[in-house]
Amino acid sequence: MLSRCLLLLALTATALSAAELIRPKVIVVATFEIGADTGDKPGEFQYWVEREKLTGTLTVPGLDHPVRFNDQGVYGVVSGTTVRCGLQIMALGLDPRFDLSQTYWLVNGIAGVSPHVATEGSAAWAKHVIDGDIAYEIDTGEAPKDWPYGIMALGNKTPLTPPVIPDWAPKPMAWTLNLALVDWAFNLTKDVELYDDAAAKAHRALYVGFPAALAPPKVFIGDSFASCRYWHGARMQQWADNWTKLYTKGEGICAMSNMEDHGIANALTRLAALKKVDFQRVLFLRTGSNFSMPPAGQTAAESMVAEYAGMVPSLEAAYRVGSPVVHALVKDWAKYSVKTPE
């Protein structure tokens, strides 16, 4: 299959040598869709397809889902989850039909929100993306009693002390985005009216003792903690909080947990090194569909598999907060194609 994809790319490059390259202004990256792209139960992609009129389709070798686009230069991609997302973004970035050197990327999806910082239906612009996968791990039940959890960074002897990261360990473990661009996106959207509903209100009311969880949804700046494992619970949230601080030198705030952002950030970084994309034009926006830990009176096991009370608000927030940024970039493309917003 891979060799066939490479052959198709080579043939395409030859055929298009004299043709105009495809130059998206903005690529919106969603991680999953449910069923069809329009007209049924929505996943992350559907509102973008329907509301931005992404009626054009394009097959890209290596991608499971067709790329969709409109006549304004807005493209939409479904990346898939876990390690698959990075591979698919690499396939898109290496397709010779595209010139992505000026393209802005909006990675846009739902997440588990920490009740320490916000509630379901909230939207967080990330300044940092943290990789939560590369680690030593033992079962927490077998860990020494003074360990908060059974996970520690490579090079560590205990999770209680800062590690000395060995030279051979994979890097980076955190990506810092274009802070001026993130601030611009936040200031543009901080007053966006977010959708709220009875199910989300009833669920967040259970989080007594968590003022941020009890408050209405908001747009804020908070970081993305990504791991291919779907983790859940207070102890795991403590680990994510600690690792966010560890790998951002104390600057980061763990807000949203997900299974894709580190893979996508890794792929875009590698494409940037190949001069295929500009990593200074990348944004990550995550919205809370569920909490990352249970309320009092419910076990982590029960909470982890419960229906997402914030699913509809999170999908609405992803589009409502992300779309003004897309529209602003397209509207002032003559300026933003040359220089990123500040």
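Asp196 is partly exposed, at 22% relative accessible area. The scale used here calls a residue buried under 20% relative accessible area, exposed over 50%, and partly exposed in between, with a 1.4 Å probe and protein chains only. Asp196 meets the side chain of Arg204 in a salt bridge, 2.7 Å from N to O. Arg204 counts as buried, at 6%. A salt bridge here is a side-chain nitrogen of Lys or Arg within 4 Å of a carboxyl oxygen of Asp or Glu.

A word on the source: this is a predicted model, where local features need pLDDT of at least 70 and side-chain atom pairs count only at pLDDT 80 or more, while totals for chains, interfaces and linings use all residues. Residues are numbered from 1 along each chain as its sequence is written, and side-chain values use heavy atoms, with hydrogens and water left out.

The whole structure has 13 salt bridges. One of them joins Arg23 to Asp99, with the closest N and O atoms 3.1 Å apart. Those two residues are 76 apart in the chain: Arg23 is in the loop between helix H1 (2-15) and strand S1, and Asp99 is in the loop between H3 and S5. Helices (H or I, at least four residues) and strands (E, at least two) are DSSP runs, numbered from the N terminus. Arg23 is partly exposed at 42%, and Asp99 is partly exposed at 22%.

Now to S1, residues 26-30. How many of the residues of S1 are buried? Five of the five are, so the strand is largely enclosed by the rest of the structure. In a regular strand the side chains alternate between the two faces of the sheet. In S1, Val26, Val28 and Ala30 lie on one side, Ile27 and Val29 on the other, and both faces are covered.

S1 runs parallel to S4 (residues 74-78), joined by five bridges, with Ala30 partnered by Val78. S1 also pairs with S5 (residues 104-113) in the parallel sense, over four bridges, and there Val26 stands opposite Tyr104. Pairing requires that DSSP finds at least two bridges between two strands.

Next, helix H3, residues 83-94. H3 has 12 residues and reaches 17 Å from first C-alpha to last, close to the expected 16 Å; the expected span is 1.5 Å times one less than the number of residues. Its buried residues include Cys85, Ile89 and Leu92. Among the elements covering the buried part of H3 are S1, S4 and S5.

Leu92 is also among the residues with the most contacts inside the largest nonpolar core, which has 65 residues. Such a core is a set of buried Ala, Val, Leu, Ile, Met, Phe, Trp, Tyr and Cys residues joined through side-chain atoms within 4.5 Å. Helix H10 (residues 311-331) gives the largest share of this core, 10 residues. Beyond its neighbours within four places in sequence, Leu92 is in contact (heavy atoms within 4.5 Å) with residues including Ile27, Val77 and Trp105.

Last, the cysteines. A disulfide is a pair of cysteine sulfur atoms within 2.5 Å, and the count here is zero. For Cys254, the nearest cysteine sulfur is that of Cys228, 16 Å away.
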